[in-house]
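Thanks, everyone. Let me put the model up, and then I will walk through a few spots in it.

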Amino acid sequence: MSIRAWSLLLVLCGTIFLEGIDVAMLAVAVPTIRADLGLGTGTAAWIMSAYVLGYAGFTLLGGRAADLLGRRRMFLGWLAVFLVFSGLGGLAEEGWTLIVARFVTGVAAAFMTPAALSIITTSYAEGPQRNQALLVFAGTAAGGFSLGLVIGGLLTQLGWRWVFFAPVLLAAAILAAALRLVPKEPRPARTKGGFDLGGALTAAGAMLLLAYGVVRLEHGFQGWQVTAAAVAAGLLLAGAFVAVERRAATPLVRLGILRRASLVRADLGALLFVGSFFGFQFMATLYLQELRGWSSLQTALALLVLGVDAILAPTLTPRLVTRFGNAKVILGGFVLAVGSYALFLPVGPDWSYAAMFPTLLLSGLAFALAYGPLTIAGTEGIAEEEQGLASGLLTTATQFGSAVGIAAVTAVYGLSGGGLDGFRAALVVPLVMVALGAVITATGVRARPGVPAEKAAEKPVDLPDPATRVTV
C-alpha cells in the first residue's frame, strides 16, 4: 500500500484505539471516581452501563446513516461529539453528569465506529489488501483495550479526570488528521421515498430497550419484572420495525441482507466470541482484584498479555487467511478459546501468575485468529452502498455480545454466592458461549483453500485525489 493509504488506515485505526482505551481506562477508574464523588453503587454501575446502552442502542442506526448521509460526514461529526462529551465527563462534579456524558459518548461511538469501518471497506480493494486493513483495524481494537487498562491505572494515580481528558487529546489529534486524510465523497443522492423515519425510531427504540434488558441481567432475579418488561417491549418494537421495513419504499435496513448466511454466521459468531472474551476478562479482573487483592495496576499489567492480538492480527492472521480461508481460521480461534477458558476452570485461591499465563496467552491468540476474520466475513461481498449497514450489524453484534457476556457472568457470580465457587461457576458462561460459537462457525467451513496465490497480488488503493474531491 502507498504511504497515503497507510496514513488513512492509521487515522481510522486511531478511532478504534480511542474507543478501546476509553472503555478500558474508565473500567479501572470507576472505584476511584465513586470514592471521590461519593457515589452510590447503582450510580457507579451506570457510569459504565450508560456507555453500553448508548453504543448498542444506536449502532444499527449509525451504520445505515453512514450509507445514507455520508461516511465522512458521520465519521468527522460524531468524532467531534465524542471529543466534547469526553471532556465534559472530565469536568463532572455529579454522578448524573457523568452518566449523561457517557451515554452521549456511547451514541457518538455508535455512529463513528461503523462509519470508520465502512470507510475501510470502501477505500481498499476487496481481497488481500482489504483483509490486511481489516486485520490491522481489529488488532488495534484489542491493543487499545489492553493498553488502556495499564494507561488507566497510571492516569488514575495522577487523578481520575485524566481518564477523560486523555481521550480528548487523542480525539483532537485524530480529528485534525482525518480532516485531511479521509477521502471526501459525493453528497449522497436523495432517496426517492425520503428518509425512513419510522424505521429509525422503531430500530433505535428496540435496540435501546433490548440493551437495557441485557445490562439489567447482571442483577439476577432482583427486579426481574423490569428486566422482562424491557426485553418484551424491545421485542415488540423489533417486530414493529420489521413490519415498517417491509412496507417502506426506501427501508432503513433492507431485510434481504439478512438472507446472506455468511453475514448472519459472522455476526452471531462475533456476538458469542466477543461476549465470551469480555465475560472472561471481567471475571479474571474480579479474581485478581477481589479474591487475590491485587491493585488495579498489577491487574492491568497481568492482563497485558491479552494484547498479543495487536501484534499477531496484522502479521500472522493474514497469512493464515490467505492459505486456509476465513472460516477455518475463525474456527481455529474458537477452538483455541474453548481450550484456554477450560484451562482456567479449576483456578485456585493461590494460583501463581505462571499458572494463569497459558490461558491469558491462548486467549489473546484466539482473539487474533477469530476477531479480524469475523470482521472480514461480516463485510465481504456486500455492495458498496450497504457497507455501512453491514458494518453497523457487525458492530451491533459485538456490542450486544460484550454486554451479554459481562451481564451473564455477573449474574451467575452473584446467584452462586460469590467467592471462589461463584467465580468458577461464572467461568462456565464464556466457555459455553464460545463453544456454541464454534458450532455455528463450523457450519461455514469449506474444503476449498483461501484466496488462490495468483489472485493475491495487491491492487492499488483507489483514493480520490485531493484536487478532485467534492466538498461535503
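Ground rules. This is a predicted model, where local features need pLDDT of at least 70, side-chain atom pairs count only at pLDDT 80 or more, and totals for chains, interfaces and linings use all residues. Residues are numbered from 1 along each chain as its sequence is written, and side-chain values use heavy atoms, with hydrogens and water left out.

Cavities to begin with. A cavity is a set of points, on a 1 Å grid over the protein atoms alone, where a 1.4 Å probe fits but cannot get out. Points are joined across faces, edges and corners, and the volume is the space filled by probe spheres set on them. Two cavities of 30 Å³ or more turn up here.

What lines the second largest cavity? Ala284, Tyr287, Leu288, Leu303, Phe344, Met356 and Leu360 do; lining means having an atom within 4 Å of a point. Helix 9 (261-291) and helix 14 (353-379) supply at least two lining residues each. Helix 9 has the largest share, with three. Helices here are DSSP runs of H or I, at least four residues, numbered from the N terminus. By class, the lining has seven nonpolar, no polar and no charged residues. Nonpolar covers Ala, Val, Leu, Ile, Met, Phe, Trp, Tyr, Cys and Pro; charged is Asp, Glu, Lys and Arg; the others, Gly among them, are polar.

Now the rings. A ring pair is described by the distance of the centres and the angle of the planes. Rings of Phe, Tyr and Trp (its six-membered ring) pair if their centres lie within 6.5 Å; planes under 30 degrees apart are stacked, over 60 edge-to-face, the rest tilted. The structure has 18 aromatic pairs. Take Phe344 and Trp351: centres 5.7 Å apart, planes at 85 degrees, so edge-to-face. Phe344 and Trp351 are both buried; buried means under 20% relative accessible area, exposed over 50%, partly exposed in between, with a 1.4 Å probe and protein chains only.

Next, Tyr353 and Phe357. Their centres are 6.0 Å apart with planes at 65 degrees, so this pair is edge-to-face. Both sit in helix 14, four residues apart, about one turn of the helix. Tyr353 is partly exposed at 30%, and Phe357 is partly exposed at 33%. There is also a cluster: ring pairs link Phe273, Phe277, Phe278, Phe334, Phe367 and Tyr371.

Stay in helix 14 for Ala366. Is Ala366 buried or exposed? Buried, at 1% relative accessibility. Ala366 touches Phe273, Gly333, Leu336 and Ala337, leaving out residues up to four places away in sequence. Contact means heavy atoms within 4.5 Å. Asp309 is 57 residues from Ala366 in sequence, and their C-alpha atoms are 8.2 Å apart.

On to helix 7 (residues 197-216), which holds Thr202. Thr202 is buried, at 13%. Its side chain reaches the backbone oxygen of Gly198 at 2.8 Å. Beyond four places in sequence, Thr202 touches Leu237, Ala240 and Phe241.

Last stop, Val244 in helix 8 (residues 224-247). Val244 is partly exposed, at 26%. Setting aside neighbours within four places in sequence, Val244 contacts Asp196, Gly198 and Gly199. Ile330 is 86 residues from Val244 along the chain, and their C-alpha atoms are separated by 35 Å.

Definitions and conventions: Polar contact = N/O pair within 3.5 Å; in protein donor to acceptor, adjacent residues only side chain to side chain. 1 Å grid on protein atoms, 1.4 Å probe; cavity = no way out; pocket = protein on both sides within 12 Å on 5 of 7 lines; lining within 4 Å.
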